[in-house]
Protein chains: 2
Amino acid sequence: MPYAVGYLGPKGTFTQKAVDALFPDQDAVSYQTIPACIDAVKHGHVKYSVVPLENTLEGTVNLTLDYLIIEKSLKIASELVVPVEQHFMVHPKHKDRWQEMKFVYSHPHALAQCHQFLNNDMRHATAETFASTGAAAKYVSENPDLEIAAIANDQAAKEYNLSIVKANIHDFANNETRFIVLSKNGSEISMDGLVLKGYKTKVMISLPTDHAGALHQVLSAFAWRRINLSKIESRPMKTGLGRYYFIIDIDQKMDDILIPNTIAEIEAIGCHVELLGSYPYYSISK
Amino acid sequence: MPYAVGYLGPKGTFTQKAVDALFPDQDAVSYQTIPACIDAVKHGHVKYSVVPLENTLEGTVNLTLDYLIIEKSLKIASELVVPVEQHFMVHPKHKDRWQEMKFVYSHPHALAQCHQFLNNDMRHATAETFASTGAAAKYVSENPDLEIAAIANDQAAKEYNLSIVKANIHDFANNETRFIVLSKNGSEISMDGLVLKGYKTKVMISLPTDHAGALHQVLSAFAWRRINLSKIESRPMKTGLGRYYFIIDIDQKMDDILIPNTIAEIEAIGCHVELLGSYPYYSISK
């Protein structure tokens, strides 16, 4: 039975690219903000939501992580890494004179990522920022009489019938964005047609305030069991400087003994542990 | 001999408050961006620069940390924590009718931090964002005929001769910002009149790619020596997802044996270690 999946819109963003790869047969519902996407799952308006968590160049999307920390009712069910490929696109009527366009619209990050192209090929044009690459593409499609172009992905070009006149104009070839799928129960979903890269378990740990060596002890509890951690990051508790939540990526699937025992022991020394999810991660096959 | 100290301006920001507390007798030079402040020390235009590193509510200032990671020639010489206290201020001619002001200007974070006040006392007014609290205060002082107010700190009120008509309007009492002092050699500077809270040593570690348990080994090297770590955070290397610099705060001053031996051993297993500084940290006395 088809169901609804929320994503950070509008159409033509990289998040839509992720949602189309993950849920090709479902009904994708666009939300304007990350909190709105997350709330939609929480309130049962959609079964899953897809939001960005991390980018190669920009790092963690703090808004997503901070919201996940307080939304204890939701779990991560899956993760997908999408390559960030930016293209230069115009309305089809301008496609033979694209170099004459006077304005280039895109998200500020996308404009920054295409600095070389803009500087070499479109030096005469003025770059202006839009809230998303998808919104920039939409504006270009709706204003065929203006001499304007957008930097956005192939999905946006298709969605808004624009002509890609110069493909892959991003400076940096290895740029990728990691998206997560949120659900109420976090039960694993298998994704046909995507490349399964492995499994991870994400936990959030807060340390007791009166116990100086607690972080050591936490990490040692994983270390002696040879449970590998692929990432540790801290986010502020917002109750005072120097108090953090530690978000830890464990490089394996939840098991019956090792991870549960580690968590039980960490809790026994006074830490608070929340499981954010134990899930497969995928990449788009090329 | 007096010397120049750079800071993130304009006048009347929280960074100016930090620089005035740290260097009351020196010549403070305002720069418009964090990279410009850092470059000024690097090029010898100023002896020190003061930039924000972390805030209770917003977390790490990624721009500062990312720039420090690539600027290996600079070291942290000191750190100061400043309470973030926001006040409502108007031009003195409006001070008896401040509730009638039609616009409230401030930095977006400051507007967000004073949500309760704006919602209860100034519901009829329109909030508009400025690049900094100091810039908002400056604009209010320069336009006495407009019915406008600013949210900024006491320093801004003094600097621009504005009247504080409602003090401490921030929602959240424990909000603080951590500022760092950068210098070329990182030699410790003692701060009279400030409260010395302790010492820390900040290092940046990158792990070898071919060694899965490296992060464990790094943390164990500190752990068995009972060297306490107060913070671990990761920042993207920007060369591919999943590759991070780990920035670690060691809860003590650099010594002759324990920390150097730990660093030497971590390097022996293939890590790259950069010392970002070993320095005292202060708070403003109240």
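Is A:Arg178 buried or exposed? I looked this up before anything else. A:Arg178 counts as buried, because its relative accessibility is 9% and the cut-off for buried is under 20%. I note here that the model is predicted.

**Entry 1: the partner of A:Arg178**

I looked for a charged partner next. The side chain of A:Arg178 forms a salt bridge with that of A:Glu79, at 2.8 Å from N to O. I then checked where the two residues sit. A:Arg178 is in strand 11 (residues 176-183) of chain A, and A:Glu79 is in strand 5 (residues 75-83) of chain A. The pair is 99 residues apart and links distant parts of the chain. A:Glu79 counts as buried too, because its relative accessibility is 0%.

**Entry 2: other salt bridges**

I went on to A:Asp249 and A:Lys202. Their side chains meet in a salt bridge, again with an N to O distance of 2.8 Å. A:Asp249 belongs to strand 14 (residues 244-250) of chain A, and A:Lys202 to strand 12 (residues 194-206) of chain A. These two are 47 residues apart, and this pair also links distant parts of the chain. I read 5% relative accessibility for A:Asp249, so this residue counts as buried. For A:Lys202 I read a relative accessible area of 3%, so this residue is buried.

A:Lys231 and A:Glu233 came next. Their side chains form a salt bridge at 3.4 Å, N to O. Both residues are buried.

Which residues do salt bridges with shared partners join into one network? I listed A:Glu54, A:Glu79, A:Arg178, A:Lys200, A:Lys202, A:Lys231, A:Glu233 and A:Asp249. The pairs I had looked up above are therefore part of one network, since salt bridges are joined wherever they share partners. Over all chains, I noted a count of 38 salt bridges.

**Entry 3: around A:Phe179**

I moved on to A:Phe179. This residue lies in strand 11 of chain A. A:Phe179 counts as buried, because its relative accessibility is 2%. I set aside the neighbours within four places in sequence and listed the contacts. Among them are A:Phe14, A:Thr15 and A:Ala18. The list also includes A:Val50, A:Val51, A:Pro52 and A:Leu53. A:Ser78, A:Glu79, A:Leu80 and A:Val82 are in contact with A:Phe179 as well. A:Glu79 was already in my notes as the salt-bridge partner of A:Arg178.

I also looked up one C-alpha distance. A:Phe179 and A:Val19 are 160 residues apart in sequence, yet their C-alpha atoms are 9.0 Å apart in space.

**Entry 4: two helices**

At what angle do helix 2 and helix 3 of chain A pack? I found about 35°, with the axes 10 Å apart. Helix 2 covers residues 34-42 and helix 3 covers residues 62-70. The crossing is right-handed. From helix 2 of chain A, the contact uses A:Ile34, A:Pro35, A:Ile38 and A:Asp39. From helix 3 of chain A, A:Leu63, A:Thr64 and A:Tyr67 take part. By class, I noted 5 nonpolar, 1 polar and 1 charged residues in this contact.

**Entry 5: backbone**

Most residues other than glycine have a negative phi, and most peptide bonds are trans. I looked for exceptions.

A cis peptide bond joins A:Gly9 and A:Pro10, with omega about 5°. A:Pro10 sits in the loop between strand 1 (4-8) and helix 1 (14-22) of chain A. In chain B, the peptide bond from B:Gly9 to B:Pro10 is cis, with omega near 5°. B:Pro10 is in the loop between strand 1 (4-8) and helix 1 (14-22) of chain B.

A:Asn168 has a positive phi, near 50°. This residue lies in the loop between strand 10 (163-166) and strand 11 of chain A. A:Asn168 counts as partly exposed, because its relative accessibility is 45%.

B:Lys238 has a positive phi too, near 70°. I placed B:Lys238 in the loop between strand 13 (229-236) and strand 14 (244-250) of chain B. With a relative accessible area of 33%, B:Lys238 is partly exposed.

**Entry 6: the two copies**

How is chain B related to chain A? I found a rotation of 180° with 0.0 Å of shift along its axis, which superposes chain B on chain A at an RMSD of 0.0 Å. So the relation is that of a two-fold axis. In chain B, B:Glu233 has the C-alpha nearest the axis, 2.3 Å from it. I then compared the contact residues. Of those in chain B, 100% recur in chain A, and the same surface serves both copies.

How values were computed. Residues numbered from 1 in each chain as written. Chains lettered and ligands numbered in written order. Predicted model: local features only at pLDDT ≥ 70, side-chain atom pairs only at ≥ 80, totals over all residues. Heavy atoms only, no water. Axes fitted to C-alpha atoms, helices over the stretch in contact; angles between N-to-C directions. Helix = DSSP H or I, 4+ residues; strand = E, 2+ residues; numbered from the N terminus. Left-handed = near helix turned anticlockwise from the far one by under 90°. Contact = heavy atoms within 4.5 Å. Nonpolar A, V, L, I, M, F, W, Y, C, P; charged D, E, K, R; others polar. Salt bridge = Lys/Arg side-chain N within 4 Å of Asp/Glu carboxyl O. Buried < 20%, exposed > 50% of the residue type's maximum accessible area, 1.4 Å probe, protein only. Least-squares fit on C-alpha atoms with pLDDT ≥ 70 in both.
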